[in-house]
Amino acid sequence: MKMKFSWRAFISFGLSWAILVLLVSGVILYVAPPGRYAHWVNWELAGLSKEGWQAIHTLFSLAFIVLSIFHLFSVNWKSFVSYLKSKTTKGFNKKKELIFSIVAVLVFFFGTVFSIPPFQTVMDLGETATNSWEKTEERAPVPHAELLTLAELAHQLDMESVDEITRKLDSHKIAFNDIHTQNLQEIAGVNNTTPLEIYEIIARKPANQGQGMGVGRKTIEDFAKELNKSTDELMQMLEKNNIDAKPTETLRTIGENNSLPPRDVYKILSE
């Protein structure tokens, strides 16, 4: 015998699943990191980003509302109307419960709005859990730095030219298209990495920079380490430009021997 489809059971199951999903997504969003950090490190949980969990929470909330409306007006409408009619004729005998429910709603509402304990305590606990994700060494230089373009980042870092950034990205084989329109988050996505890792490459200073070594005082071997290239690769670049040099020679010496300023030699090595 073919069983008739039960909308009552369908809606009841749907409401149960919606409540379960809302419970899980609500807890995750309660302790999830702030957006600035989530975007900076590409934070994910169970394969979903913070935006993914927010979308799930929002859509299942909508589904819960729709199913609740159907549950009332389609499945239980007759019972609901019958209940109202009986209370209208016989009188409402649950006034105490009604008043207490209204008071409870008002306490929760105004307690939350005016940040009164213990409602504010619950929010503070969530804030503490949220901020615990962020490590000092992983903080962005400015809020939502992942939205900065390379040109904007160069200005933010007080660099003389964006060329310094592009050289570093090229040396680490980081692909990018436009320094004025493509932001760090987009560049990170193209290269399967995070905005944090892109920024670390850009902001990283050479190991010998703290010693005050200028460009002219660096050797080919120094630049090989700085640019993450082999010494032989740099020597071949100089040979292609008809520049005679030795790996242990400084750029000043190479420039003097080839009648070139050290900066020109540096540009060739950085290409």
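1. In the protein chain, 64% of the contacts with a separation of 6 or more join residues 24 or more positions apart. The model is a predicted one, and the points below should be read as describing that model.

2. The protein chain contains 14 helices and two strands. Of its 271 residues, 32% are buried.

3. Helix H8 (residues 163-171) and helix H10 (residues 195-203) have axes that come within 9 Å and cross at roughly 115 degrees. H8 is therefore roughly perpendicular to H10. The crossing of these two helices is right-handed.

4. On the H8 side, the contact with H10 is made by Ile165, Lys168 and Leu169; H10 contributes Ile198, Ile201, Ile202 and Ala203. Sorted by class, the residues of this contact are six nonpolar, one charged and no polar.

5. Where H12 meets H14, the residues are Leu234, Met237 and Leu238 from H12 and Val265, Ile268 and Leu269 from H14. This contact holds six nonpolar residues, with no polar and no charged ones.

How values were computed
Residues numbered from 1 in each chain as written. Predicted model: local features only at pLDDT ≥ 70, side-chain atom pairs only at ≥ 80, totals over all residues. Heavy atoms only, no water. Axes fitted to C-alpha atoms, helices over the stretch in contact; angles between N-to-C directions. Helix = DSSP H or I, 4+ residues; strand = E, 2+ residues; numbered from the N terminus. Parallel < 35°, antiparallel > 145°, perpendicular 65-115°, else oblique. Left-handed = near helix turned anticlockwise from the far one by under 90°. Contact = heavy atoms within 4.5 Å. Nonpolar A, V, L, I, M, F, W, Y, C, P; charged D, E, K, R; others polar. Buried < 20%, exposed > 50% of the residue type's maximum accessible area, 1.4 Å probe, protein only.
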